[in-house]
Amino acid sequence: MSARAELQSESGVPTESVRHAAPAHDVVVVGSGIVGLGAALAAVDRGLSVLVVDRSAVIGGSTIRNFGHLCLTPQSGEARRHALTARGLWLRLARDAGFWASERGTLVAARHADELALLDELAAARTERVLGDRPEIEPLDERELRALAPVSPGVTLGGALLPYDLQVDPREAADAIRRHLESRGVRFLTRTSVGSVRSGRVETSRGPIDAGTVVVATNHDLDQLLPDLAERAELQRCGLDMLRVRADLARPLVAPLLTGWSLIRYSAFAGTAAADQVRARLHADRPDLAALDLNQMYTQLPDGSVVVGDSHQKGAAISPFQDERASVAFLDEFRALFGAEPVVTERWQGVYASGRDEFVVDEVEPGVLVTVVATGIGMTTGLGLAEHVVGNHLDGGRDAALSLPASPSDDSAPLPSVLTGSRS
């Protein structure tokens, strides 16, 4: 019998006795992106029954349309706290779910003295050994950088290695995590829209679902489900353009590569005193790239292809029509940095939530938790956000993120221990 038939009486009219979409679950998660997957993981780790509801048949949003770069070192404040916990969870999931995860860190290519000064400033501030014996930021001279990245001679002055950052292939990782969660008993109800949530109940297009705890992890679509909260958080959409290319590079790119444009974007870099000078120079020298709100960075996947990007534009809605000028700029900058001719194999548009703060976290009704990453660091922080907010709630506590606004410039908050093992 079809799902539609199961929800109808003989007369074809839904009846109260048959219109429930699923049996009650301890935790119902709305959204199957990385935060939703993290919420399901937090719940199943605690031995609870979990149902994930998503309107799509596949994981196809911002969780797969990104660099696969898990950039914990460039974060600060709440983002850093969530990222440090997420790192341990990513490594655990890579092992348990069987997907590729690189622990080679992140490279930063500095092309100007002020960029080196910025890296030195943050390195001097990050002296505490949080994740191991190595410093979080290791300076590289030009020769050392070129040994690790296929940049053209004379283009860079040096840079840095951030040894604790990670990289995954997001398309592979998302599906592998879902399969792993399913193997542990998590149910996925797809092609199902959610109309409303309240304590103990999720109303869906297939009927109501009873839940002990409800987790809303809908990213930018929070404005569809909880519009008042989205408006208070000044939530909008951020659209970005990305490419995948093949090129005959001088050597493999062993880790994600950031540039000066990245140094004025991520909060730990952007919070340094040197960042203002870097920003002013970049915007004065290249107003065309500044108009794209560029984050010029690169990741190489195991098959040798390179992900290139990305631009940013914000609004209540994002036009599906991509301006070719962004792609032209990406390819020109690729040639200038690597001295190689890129051949485009894929183009795509990503969309993610952007808000006043980096996270929208709330308990809108008792047992109804909202967990949204409201900037472009969902892969970096999402698993940690879910563990902190959802995990603490399920443990009978209340995470600080539910009480305190995000503070991107604050590095003084105590750092958590990194989770490395299952609690199940």
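In the predicted model, helix H2 (residues 34-45) packs against helix H14 (residues 378-394) at an angle of about 35°, and the axes of the two helices lie 8 Å apart. The crossing that H2 and H14 make is right-handed. On the H2 side the contact is formed by Ile 34, Val 35, Gly 38, Ala 39, Ala 42 and Ala 43, and on the H14 side by Gly 378, Met 379, Gly 382, Leu 383, Leu 385, Ala 386, Glu 387, Val 390, Gly 391 and Leu 394. Sorted by class, the residues in the contact of H2 with H14 comprise eleven nonpolar, four polar and one charged.

The largest nonpolar core contains 104 residues, of which Trp 90, Phe 99, Leu 181, Leu 257, Phe 269, Tyr 298 and Phe 334 touch the most other members. Helix H2 supplies the largest share of this core, with nine residues. The surroundings of Phe 269 can be given in detail: when its neighbours within four places in sequence are left aside, Phe 269 is in contact with Pro 74, Leu 118, Leu 119, Leu 122, Leu 162, Leu 258, Ser 262, Leu 263 and Ala 275. Another core, of 26 residues, lies apart from the largest one and has Leu 51, Leu 226, Leu 235 and Val 368 among its members.

Val 368 also belongs to strand S20 (residues 368-373), in which six of the six residues are buried, so that the strand is largely enclosed by the rest of the structure. Val 368, Val 370 and Val 372 point one way from S20, whereas Leu 369, Thr 371 and Val 373 point the other way, and all of these residues are buried. Strands of a sheet pair through backbone hydrogen bonds, in either the parallel or the antiparallel sense, and both senses are represented among the pairings of S20. With strand S12 (residues 207-216), S20 runs parallel, the two being joined by three bridges, and Val 216 stands opposite Val 370 of S20. With strand S19 (residues 359-365), by contrast, S20 pairs in the antiparallel sense over six bridges, and Val 360 has Val 372 of S20 as its bridge partner. S19 and S20 form a hairpin with two residues between them, and Gly 367, in the turn, has a positive phi of about 80°.

An open sheet of three strands is arranged in the order S3-S8-S4, with antiparallel pairing. S3 and strand S8 (residues 166-168) run antiparallel and are joined by two bridges, with Leu 166 of S8 as the bridge partner of Leu 70. Because its relative accessibility is 18%, and buried means under 20%, Asp 169 counts as buried. When residues up to four places away in sequence are not counted, Asp 169 touches Trp 100 and Leu 301. The C-alpha atom of Asp 169 is separated by 33 Å from that of Ala 274, a residue 105 places away along the chain.

Leu 161, in strand S7 (residues 158-162), likewise counts as buried, at 11% relative accessibility. Apart from residues up to four places away in sequence, Leu 161 touches Arg 104, Thr 106, Leu 107, Arg 134, Glu 136, Ile 137, Glu 138 and Leu 140. Leu 161 and Pro 135 are 26 residues apart in sequence, and their C-alpha atoms are 9.6 Å apart in space.

Gly 309 and Asp 310 are joined by a cis peptide bond, with omega at about -15°, and Asp 310 is placed in the loop between strand S16 (306-309) and strand S17 (313-315). Arg 191, a residue other than glycine, has a positive phi near 50°; Arg 191 is found in the loop between strand S9 (187-189) and strand S10 (194-198), and with a relative accessible area of 62% it is exposed. Asn 219 also has a positive phi, of about 55°, although it is not a glycine, and the place of Asn 219 is in the loop between S12 and helix H7 (222-225).

Notes:
Residues are numbered from 1 along each chain as its sequence is written. This is a predicted model: local features need pLDDT of at least 70, side-chain atom pairs count only at pLDDT 80 or more; totals for chains, interfaces and linings use all residues. Side-chain values use heavy atoms; hydrogens and water are left out. Buried means under 20% relative accessible area, exposed over 50%, partly exposed in between (1.4 Å probe, protein chains only). Helices (H or I, at least four residues) and strands (E, at least two) are DSSP runs, numbered from the N terminus. Two strands pair if DSSP finds at least two bridges between them. Axes are lines fitted to C-alpha atoms, for helices over the stretch in contact, and angles run from 0 to 180 degrees between N-to-C directions. A crossing is left-handed if the near helix is turned anticlockwise from the far one by less than a right angle, and right-handed if clockwise. Contact means heavy atoms within 4.5 Å. Ala, Val, Leu, Ile, Met, Phe, Trp, Tyr, Cys and Pro count as nonpolar, Asp, Glu, Lys and Arg as charged, and the others, Gly among them, as polar. A nonpolar core is a set of buried Ala, Val, Leu, Ile, Met, Phe, Trp, Tyr and Cys residues joined through side-chain atoms within 4.5 Å.
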